[in-house]
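Here are my notes on this one, as promised. Have the model open while you go through them.

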Amino acid sequence: MADKKDGTGGRKRGQSGSHRGKPLFAAVDLGTNNCRLLVAEPRGQSFRVVDSFSQIARLGEGLHDTGRLSDAAIERAMSALHAIRAKLKHHGVGRVRCIATEACRKASNGPDFIRRVQTETGLTFKVIGAKEEARLASIGCYDLIKPDVQSVLVVDVGGGSTELSLVDARGVRQGGLAGILRQAPIVDWTSLKVGVVTLSEAFDLTDEAAAWPQMLERARAAVSSWPALERVQQRLQADNGYLIGTSGTVTCLAGVHLNLDRYRRDKVDGSWLSRADGQSTMQRLRELGIHGRAKLPTIGEERAPLMLAGCAIMEAVWERFDGHTLRVADRGLREGVLLSMMHGQAPVRRRRPKRRKPAASGSGDTHVG
């Protein structure tokens, strides 16, 4: 979908648009664990990545127990968002869409936090629902769907939740990009109340060997709670479909499986993992422990503590869809947002008083000056 990031060609600070004279768009995704930015310019039915940024902010740390975003988590997120705001200004991005997911949906002080972000950075975040999250992730992965397949299951493992979406691949091909932007052909979907942060915090990880079976059982119970599970299993089997995994957990699994000495998006994105390869890689990660995983170049210290929970969620999903391969997607929600901005139907704009600030619960579009 997106071409690899390249240089800015000497474009001056604050100058609007890319060095090729095309307008720049940006998507900001504030999740339970990560804060991410993607800056791109349109290219045909896709886009070229100009810059990207990802910082683990752990915004949802402790949220399950307190129901609130902690002061420390808020400050980490604000630090990441100030860095993003500086990048947006540097590139002279014309349009930015900012979305927040599970942590801000659940936290009682989520609205106050969103208002503070708008006041201090000028970025207006829209807190989206789980269904919209699943739709955008599916759009972001649309061109990883093979032309001869009938159905795929998109697995988006997040920090606070995991979205599963059964996508009608025939509908994707018939409608093309315009069609999937107009109405994503999601046949069934669910949002599981387990993510890598929430599942990690639910157990004592000082003894991972003892915690693993408990985490796996919690993840299995979450997957089994999907009312449409049997129907989705049957359809995916009948259509000879496969899984598309979009998350840091899945890309890390692929990086370890490929024995990369540094993370390579061009090697990871679009690669395939068989069930056997996935199981052996997850077993290796469990045996290494936190400190061993931290030494792996494609995981590192920040991701290492969360990989056990990620493996439990992926194992629980894969058990119920045994026999299906997994296609790895280093893309998802941000890419879905960018495609929606660039190629979707333009929003109807209402005239506003000049000095009126956008509401924190608005569209999520920010015009950076």
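1. Ground rules before anything else: this is a predicted model, where local features need pLDDT of at least 70, side-chain atom pairs count only at pLDDT 80 or more, and totals for chains, interfaces and linings use all residues. Residues are numbered from 1 along each chain as its sequence is written, and side-chain values use heavy atoms, with hydrogens and water left out.

2. Take a look around L153: leaving out residues up to four places away in sequence, its contacts (heavy atoms within 4.5 Å) include W226, Y242, I244 and F321.

3. There are 25 salt bridges, counted when a side-chain nitrogen of Lys or Arg is within 4 Å of a carboxyl oxygen of Asp or Glu. R116 and E120 make one at 2.8 Å, N to O; they sit four residues apart in helix 4, about one helical turn.

4. D143 and R331 pair up at 2.6 Å, although 188 residues separate them and each lies in a loop. R331 is buried at 8% relative accessible area, while D143 is partly exposed at 31% (buried is under 20%, exposed over 50%, partly exposed in between; 1.4 Å probe, protein chains only).

5. R235 and D239 also bridge, at 3.4 Å. Elsewhere, shared partners tie D143, R265, D269, D330 and R331 into one salt-bridge network.

Notes:
Helices (H or I, at least four residues) and strands (E, at least two) are DSSP runs, numbered from the N terminus.
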